[in-house]
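Here is a short briefing to read alongside the model. Please keep the sequence and the 3D view open as you go.

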Amino acid sequence: MDQHSVQVIVETLKEEGVDLAVTLPEEPTFALTEAMREDPFFQAVTVAGEGNGLAFCAGAALGGRRVVFVTGIAGLLVGTWALSQMGMVYGAPILILASYRGDFGDHSGIPGSQLLMFKQVAEPLLGALRVPYRIVNQKATLKRMIQEGSFACQDYSHPIVLLLSGEVLW
Amino acid sequence: MKRFDCLKLLASLVDEHMFAVTSLSTNAPFWFNVRPQGPNFFALNMGLCLPFALGLTVAFPKRKIIAIDSDGSLMNDSSSLITVADVNPANLVAFVMDNGSYAFMSSTFTTRRTDLAKMAQGAGIANASTVETLEEFSAAAKQAMESAGPTLIVAKVERDPGRVSADRSRTSGRPMREWFMDAVRRHPDYQERR
């Protein structure tokens, strides 16, 4: 992720009042999570597992904090149990930014068999969990997509996923 | 030591504005019986109680947040202990009601060879201990309420005889969530933030 995308995301999250940033670090979004960790506007929390990260986000969000969880497809897979509970059962408004590992354009060098698996499971997984999502792959629409995702997750009172890909991520 | 006696004693230490979060199974109906009013979030499923309570600590940093977890639930995602240690919230008091089995199924051992308090200490939660009598529980709980945390207390309790029921409209799912959200919106700290 280049500095332009990082800057747009950070500024838009601030405008949306999102001041709690939670992550289990992963390479594609590292620049973003580092920027939020170094910015005193954000309370940045690194979790030891995606499941407890999503439950943590839910407790904070239902308590009134605006929260973003930054992860990848592998993280969503690991966090499926918590995501199903905090989404379908409890309706916690969590904005999730997920690197779309395995989408076309992922030249990160991890094995193609892994990329294909991510590509095959990512969107069906979110569909099965009834988690609304959008693919965000153009810088020109990045700001608006974050604004709309932030609004939607509060308005739906439900987790929302923005899958970062294309020129936004790679 | 009986779980219900512990929770009844704990309820006497919790003021009207403290948040309490429980795991599934017996903790939820027992806690509802002893503290039906106030900001309670009941019956979080396996592995989710402690981290959910941790999330509340950053939403309400001026209040004690009480997690009432259980042995099997904590074991399901013990990495949450590391997250708790990293966030290091002064306002978290976590109880692990440890009956040594899953729910009330006596032959399904959980912590036979595992010391959860030592696991918590190893994760970085310095104030972690195990209590085995009601007197010890009372002393540890009172100290935790008056001290800066995070604190984790493993309470060795007897196995309960069977499933305990409570009003599900108050202790599970979306109806419970709406009760909780109503308590959040009326909470003085939340009002102050608005």
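A crossing of two helices is called left-handed if the near helix is turned anticlockwise from the far one by less than a right angle, and right-handed if clockwise. This is a predicted model, in which local features need pLDDT of at least 70 and side-chain atom pairs count only at pLDDT 80 or more, while totals for chains, interfaces and linings use all residues. Residues are numbered from 1 along each chain as its sequence is written, with chains lettered from A and ligands numbered from 1 in the order in which they are written. Helices (H or I, at least four residues) and strands (E, at least two) are DSSP runs, numbered from the N terminus.

**Helix pairs**

- In chain B, the axes of α3(B) and α5(B) (residues 80-87) come within 9 Å and cross at roughly 20 degrees; axes are lines fitted to C-alpha atoms, for helices over the stretch in contact, and angles run from 0 to 180 degrees between N-to-C directions.
- The crossing of α3(B) and α5(B) is left-handed.
- Leu50(B), Pro51(B) and Leu54(B) of α3(B) meet Ser80(B), Thr83(B), Val84(B) and Val87(B) of α5(B), where contact requires C-beta atoms, placed from the backbone, to lie within 7 Å.
- This contact of α3(B) with α5(B) has five nonpolar, two polar and no charged residues; Ala, Val, Leu, Ile, Met, Phe, Trp, Tyr, Cys and Pro count as nonpolar, Asp, Glu, Lys and Arg as charged, and the others, Gly among them, as polar.
- In chain A, the axes of α1(A) (residues 3-15) and α7(A) (residues 139-156) come within 9 Å and cross at roughly 25 degrees, which makes α1(A) roughly parallel to α7(A).
- The crossing of α1(A) and α7(A) is right-handed.
- Among the residues that meet there are Val8(A) and Ile9(A) from α1(A), and Leu142(A) and Ile146(A) from α7(A).

**Burial and the core**

- Helix α3(B) (residues 49-59) is mostly covered, with eleven of its eleven residues buried; a residue is buried if 20 or more other C-beta atoms lie within 10 Å of its own, exposed if 12 or fewer, and partly exposed in between.
- The largest nonpolar core has 112 residues, and those touching the most other members include Cys57(A), Ala58(A), Val21(B) and Ala53(B); such a core is a set of buried Ala, Val, Leu, Ile, Met, Phe, Trp, Tyr and Cys residues joined through C-beta atoms within 7 Å.

**Where the chains meet**

- The contact draws 24 residues from chain A and 25 residues from chain B.
- On the side of chain A that touches chain B, α3(A) gives the most, with nine residues.
- That side of chain A has 13 nonpolar, ten polar and one charged residues.
- Beyond four places in sequence, Ala58(A) is in contact with Phe52(B) and Gly55(B), among others.

**Two partly exposed residues**

- Ile135(A) is found in β5(A) (residues 133-136) and counts as partly exposed because it has 17 C-beta neighbours inside 10 Å.
- Beyond four places in sequence, Ile135(A) touches Tyr100(A), Leu163(A) and Ser165(A).
- Tyr190(B) lies in α10(B) (residues 188-193) and counts as partly exposed, with 16 C-beta neighbours inside 10 Å.
- The contacts of Tyr190(B) beyond four places in sequence are Gly64(A), Val184(B) and Arg185(B).

Conventions
Parallel < 35°, antiparallel > 145°, perpendicular 65-115°, else oblique.
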